[in-house]
Amino acid sequence: VELTEAQIQAAGITLATAQPARIQSRIELPGEIAFNADRTATVVPRLAGVVEAVRADLGAQVKKDQVLAVIASPELAERRSTLAGAQKRLALAQTTYEREKSLWEEQISAKQDYLQAQQALREAELAVANAREQLQAFGADAGEPGRLSRYEIRAPFDGMVIEKDVTLGEAVSADAKLFRISDLSTVWADIAVPAKALDVVQVGGKANVKATAFDSSAEGTISYVGSLVGQQTRAAKARITLPNPG
């Protein structure tokens with residue numbers, strides 16, 4: 001078949017010299033966008049109490065350690081009182097130890113009295129450390145006088161409030177799911193990969209993700225490819241980590 005120059009240009013035909021090249025496979029697969037579970041957290045109070053204030057709304061952008069809610073917790077007040085009592089006993093034990101040590105060094109009192117004061121001091125120090133560690137386990141400090149029951153619930157990292165289930169005056173349990181926060185700077189695209197395409201979709205590969213409902217696309221890296229094929233779907237799950245600066 002002979003073509004004129006006009007026909008060649010109209011058909012978009014080009015000529016090139018044959019040479020070695022890398023052939024890239026391209027496949028289109030369905031999937032859906034999901035929150036990055038590694039950067040999504042459920043916020044629980046860890047202590048039972050009554051909600052005194054709610055400082056964050058659904059959809060709000062929050063910063064790390066920002067106060068989300070405040071609850072009044074009798075259990076927290078009790079633990080803070082335990083710490084305060086242990087600190088006072090430690091101060092007394094320290095004074096007694098120093099006095100007994102001085103008397104023993106001057107050979108006024110028996111060594112046994114000095115050793116007993118030393119043991120009492122060590123036990124008081126352990127009691128204070130234990131009470132402080134219990135408070136730290138709840139993310140609380142020693143508190144302020146007159147506000148021992150006040151417990152501030154804070155954001156674990158920068159993100160958006162994607163779920164909120166707390167109201168003012170509500171009594172909440174220690175494991176109540178008050179907020180769910182997600183860092184949306186990255187998201188996941190979960191893709192269904194048929195068995196015949198598993199040799200093409202590999203961890204570390206690049207992928208372009210396009211939305212079907214509107215004009216939007218982003219390029220990401222394949223971070224996970226499942227090793228099991230579903231019995232019903234005959235497909236494995238792959239995940240693409242996408243940057244989401246906006």
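What follows is a short chat about this model.

Q: What kind of model is this, and what pLDDT do local features need?
A: This is a predicted model: local features need pLDDT of at least 70, side-chain atom pairs count only at pLDDT 80 or more, and totals for chains, interfaces and linings use all residues. Residues are numbered from 1 along each chain as its sequence is written, and side-chain values use heavy atoms, with hydrogens and water left out.

Q: Which residues in the largest nonpolar core touch the most other members?
A: Val62, Leu68, Tyr151, Ile153, Leu178, Phe179 and Ile181, out of 28 residues in that core. A nonpolar core here is a set of buried Ala, Val, Leu, Ile, Met, Phe, Trp, Tyr and Cys residues joined through side-chain atoms within 4.5 Å. Buried means under 20% relative accessible area, exposed over 50%, and partly exposed in between, with a 1.4 Å probe and protein chains only.

Q: Which strands and helices each supply at least two residues of this core?
A: The strands are strand 2 (40–43), strand 5 (67–72), strand 6 (150–154) and strand 9 (179–182). Helices (H or I, at least four residues) and strands (E, at least two) are DSSP runs, numbered from the N terminus.

Q: What does Leu178 touch?
A: Leaving out residues up to four places away in sequence, Leu178 touches Val43, Pro45, Ile153, Glu163, Lys164, Asp165, Val166 and Val172. Contact means heavy atoms within 4.5 Å.

Q: Where does Ser73 lie?
A: In the loop between strand 5 and helix 2. Ser73 has a relative accessible area of 0%, so it counts as buried. Its contacts, not counting residues up to four places away in sequence, are Leu47, Ala48, Gly49 and Ser149.

Q: New topic. How many salt bridges does the structure hold?
A: Twelve. A salt bridge is a side-chain nitrogen of Lys or Arg within 4 Å of a carboxyl oxygen of Asp or Glu.

Q: What does Lys237 form a salt bridge with?
A: Asp190, with the closest N and O atoms 3.8 Å apart. Lys237 lies in strand 13 (residues 235–243) and Asp190 in strand 10 (residues 186–194), so the pair ties together parts that are 47 residues apart in sequence.

Q: Are those two residues buried or partly exposed?
A: Lys237 is partly exposed at 40% relative accessibility. Asp190 is buried at 13%.

Q: How many bridges join strand 10 to strand 13?
A: Nine, and the strands run antiparallel. Trp188 has Thr241 as its bridge partner in strand 13. Strand 10 also pairs with strand 1 (residues 31–35), antiparallel over five bridges. Glu32 has Asp190 as its bridge partner there.

Q: What does Glu125 form a salt bridge with?
A: Arg122, at 3.8 Å between the closest N and O atoms. Both lie in helix 3, three residues apart, about one turn of the helix. Glu125 is partly exposed at 33% relative accessibility, and Arg122 is partly exposed at 37%.

Q: Which residues are linked in a network of salt bridges?
A: Arg150, Glu152 and Arg154.

Note on methods
Pairing = 2+ DSSP bridges.
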